[in-house]
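Hi,

Here is the structure I promised to pass on.

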Amino acid sequence: ADISAADVEKLNVLGHGNGGTVYKVRHKKTSLTYALKLIHGDSDSTVRRQLLREMEILRRTDSPHVVHCHGMFEKPSGDIAILMEYMDFGTLETILKADGTFSEPKLAYVARQVLNGLNYLHSHKIIHRDIKPSNLLVNRNMEIKIADFGVSKIMCRTLDACNSYVGTCAYMSPERFDPETYGGNYDGYAGDIWSLGLTLMELYLGHFPLLPAGQRPDWATLMCAICFGEPPTLPDGVSEEFRSFIECCLQKESSKRWSTSQLLSHPFLCRDSRTEW
Ligand code: ADP
Ligand code: MG
């Protein structure tokens, strides 16, 4: 049964984002904990549009690899909110900061979980467009779920080239900047695979792979690195399987990048282990 906004009380802030705030909340009757993503009625129209888009996508999804939505509210004041399952281990970004870089078996496990989620989304014609460590949530069962659908896209019948500048530009694929050179049969799905490749590299290296450690990203440097540079590669010492997997994700030409189902049978995933955590 759906829960209404009046049934929950705020405990603390879990995260701030573009215009919205995510709270940890408690359902008063059951004492169960949830996450509530809230934007105020007076927020600008882009922010509202993003949360409404996210609601639309969460309404359509039902997968153990996508954060589960328990209810949505729109108050007369104009506030809109999404009540989600609470992911008590935080995000891959916070886990990286707290526990340091990920081993290969741990990364293979992460890759499999995220690919299962992307496979579900892509087969339902949804492109996430903002895959990165802070949008991948983790719970105490070590389940990893895809969240934050604010800039996602539901593909229509027509092949809609969705090369608008949405998402975190650092993780954007070459064809998002330059579809003519890197687009091939550009449909947008492969952009999520590029972002997954960068995400896994970041968790291995401990810093964003397209920039030297410690350098603050600016838009122009990033665009040059993505479009004119070679794709980043892993340092010496990693397994051939891991190197190959990353290469399959980080092909600059989007049509050469592997799909979710191809990657799910890549030999790197055989190395996965959740016991490494
Ligand atoms: P934004 O568009 O603001 O980035 P997100 O949906 O990514 O919105 O949420 C922002 C942050 O809030 C996340 O990076 C995470 O730290 C926290 N968060 C979001 N949803 C949950 C959840 N269901 N459980 C726990 N933490 C969450
Ligand atoms: Mg986010």
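Predicted model: local features only at pLDDT ≥ 70, side-chain atom pairs only at ≥ 80, totals over all residues.

Residues are numbered from 1 along each chain as its sequence is written, while chains are lettered from A and ligands numbered from 1 in the order in which they are written.

Helices (H or I, at least four residues) and strands (E, at least two) are DSSP runs, numbered from the N terminus. Two strands pair if DSSP finds at least two bridges between them.

Let's start with the sheet. Five strands make an open, antiparallel sheet, ordered E1-E2-E3-E5-E4. E1 and E4 (69-74) are its edge strands, each pairing on one side only. E1 and E2 (residues 21-27) run antiparallel and are joined by seven bridges, with Glu 9 opposite Arg 26 in E2. The two strands form a hairpin with four residues between them, and Gly 19 in that turn has a positive phi of about 95°. Further along, six bridges link E3 and E5, again in the antiparallel sense; Leu 38 has Ala 81 in E5 as its bridge partner.

Now the ligand. Ligand 1 is surrounded by 20 residues (C-beta atom, placed from the backbone, within 6 Å), and the closest are Gly 15, Gly 17, Val 22, Ala 35 and Asp 148. E1 (8-16), E3 (33-39) and E5 (80-85) each give at least two residues to this shell.

Is Asp 148 buried or exposed? It counts as buried because it has 25 C-beta neighbours inside 10 Å (buried takes 20 or more other C-beta atoms within 10 Å, exposed 12 or fewer, partly exposed in between, with C-beta atoms placed from the backbone). Met 142, in the loop between E7 (136-138) and E8 (144-146), also has a positive phi, near 65°. With 15 such neighbours inside 10 Å, Met 142 counts as partly exposed.

Last, the helices. H3 (residues 104-123) packs against H6 (residues 189-205) at an angle of about 165°, with the axes 11 Å apart (axes are lines fitted to C-alpha atoms over the stretch in contact, and angles run from 0 to 180 degrees between N-to-C directions). H3 and H6 are therefore roughly antiparallel (over 145 degrees).

Cheers

Definitions and conventions. Parallel < 35°, antiparallel > 145°, perpendicular 65-115°, else oblique.
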